[in-house]
Structure formats: structure tokens, C-alpha cells
Amino acid sequence: MAYKRQIDRLPIIPADAKESNVTCHYCIVGCGYKAYTWSASTQGGTAPNQNKFGVDLSKQQGAETAAWYSPSMYNIVRQNGQDVHIVIKPDKDCVVNSGLGSVRGARMAEMSYSQQRNTQLQRLTDPMVWRYGQMQPTSWDDALDLVAQVTVAVMNDMGEDGVFVSAFDHGGAGGGYENTWGTGKLYFGAMKVKNIRIHNRPAYNSEVHATRDMGVGELNNCYEDAELADTIIAVGTNALETQTNYFLNHWVPNLRGTSLDKKKAEFGSEPVERAKVIIVDPRRTVTVNACEVEAGKENVMHLAINPGTDLALFNAWMTRIADKGWVDKAYVDASTTNFDQMKAANKLSLEDAAKITGLTADQISKSAEWIAQPKAGNARRRAMFAYEKGLIWGNDNYRTNGALVNVALATGNIGRPGGGCVRMGGHQEGYSRPSDAHVGRPAAYVDQLLIEGKGGVHHIWGCDHYKTTLNAFKFKQAYKKRTDMVKDAMMTAPYGDRPAMINAIADAIKKGGLFAVDVDIVPTKIGEACHVWLPAATSGEANLTSMNGERRMRLTEKYMDPPGQAMPDCLIAARIANHMERVLREQGKPEVADRFKGFDWKTEEDAFMDGYHQHEKGGEFVTYARLRVMGTNGFQEPAVGLETTGPVAAGTSTGTTTGEVLKGPAIEGARGKEPVQKKGAPTSGAVSPASGGAERILGTKRLYADGKFNSKDGKAKFMETQWRGLQAPGKEAEMKKFPFLINNGRANITWQSSYLDQDNEFVTDRTPYPYLQMNPQDMDELRLKQGDLVEVYNDNGSTQAMVYPTPTAKPKQTFMVFAQANGVQGNVVSPGVNEFIIPNYKQTWASIRKLADAPEGVKHLSFKSLDYTA
Amino acid sequence: MSRCDRMVDVGRRRFMSGAGLAAAGVAVTSITPIPAQAATGAARVDYPVNRLANVRDLKLNEPLNVSYPDANAPGVLLKLGKLVPGGVGAESDIVGFTTICPHKGFTLNYGAGDRTMNCPGHYSRFDCEAGGQQIWGQATQNLPQYVLRVDDKGDIYAEGVDELLYGRLSNVL
């Protein structure tokens with residue numbers, strides 16, 4: 001029997017409940033929500049004057065009503081030390097989601113820490129340290145002193161290169177501008193740490209170096225463009241599952257033809273129709289199915305290419321479009337360079353591309369028509385290019401990314417309505433850090449260095465390598481061994497004798513041990529190896545700013561208390577800096593200690609004003625007070641002025657504004673927007689009214705609308721991107737040796753690595769183990785039944801999954817849910833990376849064998865098709 | 001333990017947890033939206049016992065439209081021909097579900113081919129043979145299923161619902 005809550009009524013939000021702005025904690029789309037809180041001892045009523053909605057709740061409400069919330073949207077939490085009811089429900093007035101809630105975001109309330117209702121009691125409440133052979137609670141001062149003493153000891157012995165860091169660089173929960181600034185100021189300001197990596201990859205690099213090198217920031221359009229496009233080209237993105245409400249609220253209207261009025265209003269006499277969609281993905285996803293349901297099969301082209309051959313397809317598109325004379329010559333002449341060189345270098349015939357991709361020449365030429373053949377009246381076809389992890393974690397990331405941007409530029413589709421060439425995104429964004437130029441490019445392959453025994457102390461911020469890295473099996477083995485050495489050493493000294501303890505730890509480090517500090521909101525898998533856990537607050541337990549996939553920046557207001565002693569990451573970083581400063585002074589190193597000044601923040605707002613407000617492009621216009629007024633719609637970055645001043649700054653960099661850092665740091669300090677960092681103080685000349693001012697902020701709907709790009713000459717540069725087969729070392733041999741493709745990615749029901757979902761009964765009831773979608777014929781050959789646990793194994797390692805029969809899966813091409821605790825797909829991913837240390841998770845091949853019949857927790861599951869049928 | 005046993009295991013996550021069922025009931029009372037009855041009110045809403053149909057009215061794998069717990073709450077009865085979770089009748093194969101999607105309130109369509117309820121709004125799917133488990137979709141609840149009973153005459157009665165119905169903050173208005 002499926003999990004049922006047995007809840008048959010919920011408390012009603014009273015008319016005077018407190019209302020807070022919330023942006024969903026989870027994915028890039030950043031749906032708008034409102035949190036309503038009120039005292040636990042009171043309640044609203046069904047009469048219109050007794051509830052927040054002003055409607056008669058004794059009546060059945062209709063479809064899409066704002067006056068209803070599900071049990072997952074309700075909880076009881078602490079707010080300023082008092083018990084309050086809370087409802088977190090989608091906001092109908094937010095332009096992002098228009099009241100839609102996904103299966104992930106609509107559980108935010110239920111996924112909150114509640115001692116009253118036993119939800120998320122896994123949350124960390126106290127700093128914890130390795131003491132007497134297990135993790136034990138301690139005070140902040142004790143834990144921070146230990147961290148500071150060991151970190152300084154390692155710096156003394158190995159220099160700052162002995163300090164290894166893994167840190168989130170994103171927005172939303174476990175990130176945000178406040179917290180990337182806090183960690184960034186510590187590791188790139190006070191220190192110059194170069195052995196640092198990001199949450200989902202083994203180095204400090206961009207997932208999209210190529211587009212940035214071409215002068216094209218990767219989040220350059222707006223969600224409305226999906227409603228305006230003639231053709232949407234979706235590459236390696238399963239938007240219905242992973243950017244759900246962007247797809248439902250902005251793609252579907254165009255697929256259904258219900259955005260035609262909007263198109264007519266925008267484009268006048270230009271011919272418009274419902275959208276056509278091209279989906280490049282080896283797997284038939286639920287997104288493909290939904291597109292066919294909405295637009296009709298005749299308007300959907302699913303190009304199920306051979307895995308990892310996207311680049312050949314894009315070069316063939318480029319060649320075909322140029323041969324047919326469909327290039328937007330005026331645009332290319334005015335705004336780009338290097339077109340002819342690119343065209344010559346990337347030339348690839350339909351036939352050659354067909355051989356590589358497994359498509360037919362006709363499919364390739366037809367899709368090129370859908371992209372670029374002019375419409376009636378010779379009007380340019382508006383094509384929106386959207387890509388995500390299928391490309392980013394796919395074969396030859398750099399060239400493939402560049403090749404797709406080539407096509408978008410050649411067809412004049414960046415900076416214009418109905419266009420864009422954008423990544424779809426995973427997390428929200430929220431990057432604000434001092435320059436990372438010292439990291440270099442290619443950046444250090446941090447996971448390999450850790451395996452090789454480098455480094456003495458490892459600070460981990462919201463990352464879990466055990467679940468979310470490549471070569472995870474070998475990483476875990478090496479990491480456990482090194483951290484166990486320190487654990488064993490810590491058992492040799494009384495915990496209360498700090499000098500003896502530090503000596504014991506330092507000795508173990510000299511012998512190859514590693515001291516590990518894990519900052520997170522929950523106990524993690526890698527945390528099992530760590531010596532200190534520091535409890536962090538998450539979104540809603542502190543104020544938090546982030547931006548979504550169209551650069552829409554919002555403030556999530558604090559609506560509840562963090563669990564126990566937990567603090568926002570930015571303040572944890574500040575307190576680590578304070579303690580390091582103290583320890584360094586005690587050791588008679590005042591010149592080093594001075595570098596750790598400037599961390600006297602008391603609140604997350606202090607960190608925001610120190611970081612984003614002072615350093616980010618347009619940041620001078622942005623304050624908490626103004627963001628509160630902007631509600632769940634916020635504004636689109638960069639800010640260019642205030643309602644009271646009008647636009648006073650350029651929304652798009654042309655490379656001419658003095659002081660901007662272009663092409664400098666390894667990842668240009670940017671995630672998505674451009675160019676973010678300024679040297680020194682803001683130069684717009686706008687007087688920023690006192691921070692209490694609550695004027696509305698003016699933003700930027702699309703980047704590059706003026707045809708000027710992010711390069712010194714303001715022109716985008718075409719990239720030469722020849723096909724070179726499977727690029728990452730070892731992949732070609734792996735493909736030949738092992739029978740099954742282990743494609744991988746996220747699933748609809750669970751957010752990211754399931755760090756909260758693992759403690760949610762609705763989710764664990766449906767997915768007790770990561771599923772492995774498998775063709776039934778393959779199952780027969782291996783004598784597998786639905787729900788069986790299987791071992792997936794190759795030379796990199798082994799892992800487990802639950803078989804989900806999938807008739808639409810191609811034979812020998814499986815798909816496994818990524819980053820799950822009960823079966824780590826990364827265990828079988830090879831260490832092979834590209835020239836900038838970008839992993840290639842998707843092209844993984846392995847063998848499969850049965851481990852066990854479906855366990856008890858699996859027997860009740862439905863294994864029916866995920867695809868909707870009308 | 002068979003899966004059917006879990007249906008009555010309401011304690012898997014009690015509405016107010018940390019206590020036994022009786023204590024949980026008291027706690028619920030304190031936050032019910034009927035203050036005047038708080039002192040004596042029941043922990044759960046009182047469901048009507050409604051006769052929905054007779055077993056003779058049901059044909060294999062053909063949905064019979066009903067409504068429960070009132071006329072504004074449409075649903076179906078299904079005879080599935082095999083033992084299924086929550087099933088009643090001689091073959092434990094008769095089940096009933098709401099036909100309003102718990103995501104955004106759209107009307108679900110029954111797919112006889114694979115015995116699922118399908119939402120045209122946002123493509124959510126629920127398995128009628130697995131207690132209404134959401135196969136895929138955006139609802140944060142599995143499909144509300146009726147608690148059914150069949151009497152000696154073959155009359156089918158609904159006596160409760162196991163999840164909150166869309167569009168109402170109390171299953172019984």
C-alpha cells in the first residue's frame with residue numbers, strides 16, 4: 001500500500017497570519033512561494049473574514065485555487081522561540097510559476113525541522129567533534145578553536161596549499177550570495193586557497209567555460225523567451241523533471257499554442273505558430289512524451305543520438321545552415337568575429353555526422369530546417385537553445401558547448417526575443433566571491449590530489465563527495481583511510497588537553513592523515529569520515545538571496561528559527577576567520593592574522609552588504625529593504641538603477657566600462673550572469689539611497705540585447721570545435737569492454753542528492769533505492785524481475801540499483817538515478833575528465849548482475865510507465 | 001508483513017507524532033478549525049457512511065462514477081479482478097478513489113490499459129493497483145483512496161478517505 005498520511009483536515013490560515021516572501025529552496029527555476037505563520041494556539045475559520053484568502057472555505061474550491069494547501073505544505077515550527085503553524089504554498093502572483101508547485105518545492109514545509117511533528121529531525125543542531133571514538137556535541141567556541149588550531153598548524157607546516165576546500169558555489173538552500181561571499185572572503189580573501197573544488201565536480205572551474213570564452217554568459221535570456229520561440233532546441237535537458245515549472249508554465253503554453261497572442265503582440269505581422277521542439281537526448285524522457293502530448297508528434301523531433309555525439313550533430317547543423325544561406329549575416333558581421341575560420345574548421349557533412357550520431361542524414365537536415373529555415377516573408381526563425389547536464393556532463397564538454405553556441409550565434413539568436421542560448425541550470429545561482437584568479441586554469445584536480453595523499457586539512461561546505469563525485473568508490477576508500485588515521489590519533493590524547501590533541505592530529509597528518517571539517521545542515525555520507533561537523537542554517541532559517549535561471553533575484557525572508565545552534569554559512573565562515581585571527585596572533589604572526597580582519601558580521605545582511613552590495617555589478621542598487629518590496633518577482637540581474645533614478649548603468653557589459661574584470665578569474669567570478677566583479681567601488685555614479693530605502697529596483701530582461709557581448713571588443717567569438725570522438729581518457733576502452741551504458745541524472749520526485757528527501761516518507765516510499773531504467777529484453781537476458789536489486793560494476797567500482805522495466809529504453813542503454821545514498825552512481829564513473837577537469841559522468845559503461853530479489857520495501861511499488869497517456 | 005497491513009498502520013507518520021495514537025488524537029484536537037467543539041471534538045472528521053453502489057453494478061476494469069463524501073467530491077469505483085491494496089469484496093478487488101488530482105485539482109482520466117489515473121493538467125499518474133501510488137507527477141500526496149466495506153447484500157459503502165482531498169481543508173465540509 002502506498003504511503004498515506006491519514007490527514008483529513010488542516011488548520012486554516014487566519015486573516016492576520018504573517019506573510020513572508022519565499023523562493024523555493026531547490027532547483028534553478030526558483031518558484032515563488034509565500035510562507036504564512038501564526039501562533040500555535042490560534043487558528044482561522046471557514047468564514048471569509050476568518051481566513052487569509054477571504055473566501056468561504058466551507059465550500060469545495062475549484063481547480064488551481066489559491067485557497068488550498070496540501071498536508072505537505074503544512075507544519076509546526078519554531079519562530080523567535082515560539083511554536084507557530086506554518087504553511088508554505090506557491091504564489092499565484094509570481095511570474096515564474098504562477099501558483100504551480102512541484103513535487104519537490106511543494107514539500108518545503110514538510111521538509112522543515114520540526115520537533116513538534118518529527119520532521120527532519122536528522123538536522124544538525126550542535127557542533128559535533130570526534131571524541132572518545134564517536135561524534136559528540138560541543139560548543140561553537142570549542143569546535144571553532146579546534147578547526148582554527150588544526151588549520152593554522154597545517155598552514156604553518158605546508159602553507160596554504162595544504163588547506164583543501166570543497167564548497168558550494170550556487171544559490172538557493174546551501175548557497176546564496178551571503179554564503180558564497182562568506183566562504184569566498186575566507187578562502188580567496190583572507191587566504192589564497194588554490195586546492196578548492198565545487199560541490200558537484202572535482203575542481204574549481206566553470207561547467208561552461210566555452211560559452212564564456214566566446215563572450216556569451218550562459219543565462220542570457222528570460223523565461224518568456226520559451227513562450228515566444230518558433231523552435232525550442234533542448235539538448236541534454238529533461239526539463240519536465242528537472243526544471244518542472246519552467247517547462248509547465250513557459251514551454252507548454254508555446255507547445256499548446258496558447259502563447260500565440262503574446263507572440264503577435266510582440267512580433268506584429270511576423271508569421272507565428274505554436275512551437276516546434278527538437279530534443280537531443282539518447283533517452284526518451286518524460287519531457288519528450290509531454291512535448292508530443294502538447295504539440296503533436298509532428299511538431300516534436302526527438303534526436304536519440306549515440307551517447308556523447310552531440311558535437312558532431314551541432315557541427316553538421318552549422319555546416320548545413322551555412323550551406324543553405326540561413327546564417328544571419330548582418331548579426332554575424334556586426335556582433336561576432338571568427339566566423340569564417342569556425343566554418344572552415346567545423347565543416348562536417350550530413351553523411352559523416354549521420355555515421356557518428358546514429359541519426360539519418362534526413363533527420364539532421366530536417367532539424368536544421370526547424371532551427372534556421374526562414375519563415376514566410378523571409379522572416380528569421382526564432383530559435384531558443386537550452387542545454388544542461390546531458391551536454392555539461394557529457395563527452396567533450398568544452399567543444400560541445402562552444403559548438404552549440406556557434407549555431408545560436410550564426411542564426412542571430414542571442415539577445416533577441418524568442419531566442420537565447422542558455423543552460424537550464426541545476427541549483428539556483430548566487431555567486432559572489434573575491435577573484436579566484438590564483439586558482440588557475442586548468443584548476444587543480446582536487447579529488448585526485450586527496451586520493452594521492454596531498455593536503456592536511458579539508459574544509460567541506462555543503463558537499464558530499466561520497467555521493468556526488470566521479471570515481472567515488474576509490475575516492476571513498478582513500479579518504480576513509482586518511483581520515484581514520486587522524487581519528488585513531490585523536491583517541492590517543494584526552495580531548496580536554498588541547499595542545500596534546502593538536503600535536504596528535506598534526507603527527508597523524510604528517511604521516512599522510514587528513515583532518516576533515518564538514519559544514520552542512522544534515523549528517524552526510526562524507527561526514528562519516530570527518531572529525532568536526534558544523535551545523536548550518538538553511539533557506540528560511542536565515543535571510544537568503546539568490547537568482548534563478550533568468551537571473552531573477554529574490555530575497556527569501558527568514559520565517560523560522562534554525563535548529564539548535566545552527567548558523568548561516570556566512571557567519572560560520574566569519575567565526576572561523578575570527579578564531580584563525582586569534583590563533584595566529586597568539587602564535588605571534590600579526591601580519592598573517594591581519595588578513596583575517598573584516599569578518600565582524602553579526603547577521604547575514606552584514607555579509608550581503610559587504611559582498612554583493614559592494615562588489616557585484618549593479619549591487620549598489622540592491623538592499624534587503626528593496627528586495628522585500630520586490631516580493632517573489634524580484635528583478636532580473638544585473639540591476640541598472642532604481643525606479644526613482646531610472647536606468648543609470650549598462651545592463652550588458654560591452655567591455656568598455658572601466659574597472660570590470662573581463663576574462664580574468666578562472667570562472668570569471670560568474671555563474672550565469674556577466675561580468676560580475678568590479679575592481680574597487682561601484683562606478684555607475686548612482687547615489688545609493690540609505691539602506692532603509694525601499695525603492696523598486698530596475699533590472700535587465702535579456703543580456704546582449706544591444707548586440708554587444710562580454711569581450712574586450714564587445715564581439716562574440718565563434719569557436720573552432722572539431723569532433724574528436726570520446727575525449728576523456730579511458731572512455732573509448734570502457735565502452736568497448738562493458739555491455740551497458742549507465743546513463744544517469746536526476747528524477748522528478750527527489751531534489752539533488754536527496755539530502756532532505758532521504759528523511760521524507762512520501763519520497764522514500766516511492767524510491768527506496770535509485771532506479772535503473774532497463775529495457776525488458778535486457779532484463780530477460782539477465783533473468784531480472786522488476787524491483788530486483790542489481791549490482792552495476794566495472795573497473796572503476798561497483799554500486800547497486802533497483803530495476804525499473806522501461807520499454808522505451810533502448811537495448812543496452814540504461815539510466816540510473818544519480819547521487820543517491822543507497823546506490824552511488826558515481827562509484828562506476830571513471831576519473832577521466834576534459835582539459836579543464838570537467839567530469840564526464842554520462843558516458844559510463846558497466847556490467848549488470850543480480851544481487852537479490854526485490855526487498856520488502858520495494859514490493860509495494862508501482863513499476864508502470866512514467867509516461868502520461870491521454 | 002503484507003502491504004495491506006500497512007494501510008491500517010496510520011502511525012507511520014502520525015499527524016502529531018512523538019506519542020501514541022490516542023495522544024496524537026488529543027493533540028490534533030487542539031488545532032482543529034472548530035474551536036467551539038475543541039473540548040469534545042473528535043480527532044478526525046466524522047465521515048458519512050454512504051452506499052455508493054452494489055457489487056452487481058461493477059464491470060471488470062470499467063470505472064463507475066460516484067461521489068464521496070458529498071456530491072461535490074467526484075470519484076470512481078473500480079473492480080480490478082485481482083487482490084489489490086485496499087480492495088474489498090469477495091475477491092478483495094474493489095477499490096475507490098477520488099478523481100480530482102491532488103496537485104492542482106484537475107479531473108483525472110482512467111486509463112483502462114494499465115489501470116492508472118492520469119492528469120491532463122501536469123501529467124501526473126496514479127496506480128489504482130498500488131493504493132493510488134503516484135507513479136510519476138507533481139502531487140505531494142498519493143491518490144486519496146476510499147475506505148470501503150461490502151455488506152451481505154453486496155452493497156458497497158464508503159466510510160472514509162485516507163488523504164486530504166484537493167480543494168478542501170477538511171474532507172467533510
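Trainee: In this predicted model, what makes S754(A) count as buried?

Mentor: The relative accessibility of S754(A) is 7%, and buried means under 20%; S754(A) therefore counts as buried. The residue is found in the loop between β25 (740-745) and α25 (761-766) of chain A.

Trainee: Is N378(A) buried or exposed, and how do you know?

Mentor: N378(A) has a relative accessible area of 65%, and exposed means over 50%; N378(A) is therefore exposed. This residue lies in the loop between α13 (361-372) and β13 (383-387) of chain A. Although N378(A) is not a glycine, it has a positive phi of about 60 degrees.

Trainee: Why are α18(A) and α19(A) called roughly antiparallel?

Mentor: The axes of helix α18 (residues 472-490) and helix α19 (residues 498-510) of chain A cross at roughly 150 degrees and come within 9 Å. Angles over 145 degrees count as roughly antiparallel, and the two helices are therefore described in that way. The crossing of α18(A) past α19(A) is right-handed.

Trainee: Which residues make the contact of α18(A) with α19(A)?

Mentor: On α18(A) they are M485(A), V486(A), A489(A) and M490(A), and on α19(A) they are M501(A), A504(A), I505(A), A508(A) and I509(A). Nine of the contact residues are nonpolar, with no polar and no charged residues.

Trainee: What makes α1(A) mostly covered?

Mentor: Of the 19 residues of α1(A), 14 are buried. Just after this helix, G159(A) takes a positive phi of about 80 degrees.

How values were computed: Residues are numbered from 1 along each chain as its sequence is written. Chains are lettered from A and ligands numbered from 1 in the order in which they are written. This is a predicted model: local features need pLDDT of at least 70, side-chain atom pairs count only at pLDDT 80 or more; totals for chains, interfaces and linings use all residues. Side-chain values use heavy atoms; hydrogens and water are left out. Buried means under 20% relative accessible area, exposed over 50%, partly exposed in between (1.4 Å probe, protein chains only). Helices (H or I, at least four residues) and strands (E, at least two) are DSSP runs, numbered from the N terminus. Axes are lines fitted to C-alpha atoms, for helices over the stretch in contact, and angles run from 0 to 180 degrees between N-to-C directions. Angles under 35 degrees count as roughly parallel, over 145 as roughly antiparallel, 65 to 115 as roughly perpendicular and the rest as oblique. A crossing is left-handed if the near helix is turned anticlockwise from the far one by less than a right angle, and right-handed if clockwise. Contact means heavy atoms within 4.5 Å. Ala, Val, Leu, Ile, Met, Phe, Trp, Tyr, Cys and Pro count as nonpolar, Asp, Glu, Lys and Arg as charged, and the others, Gly among them, as polar.
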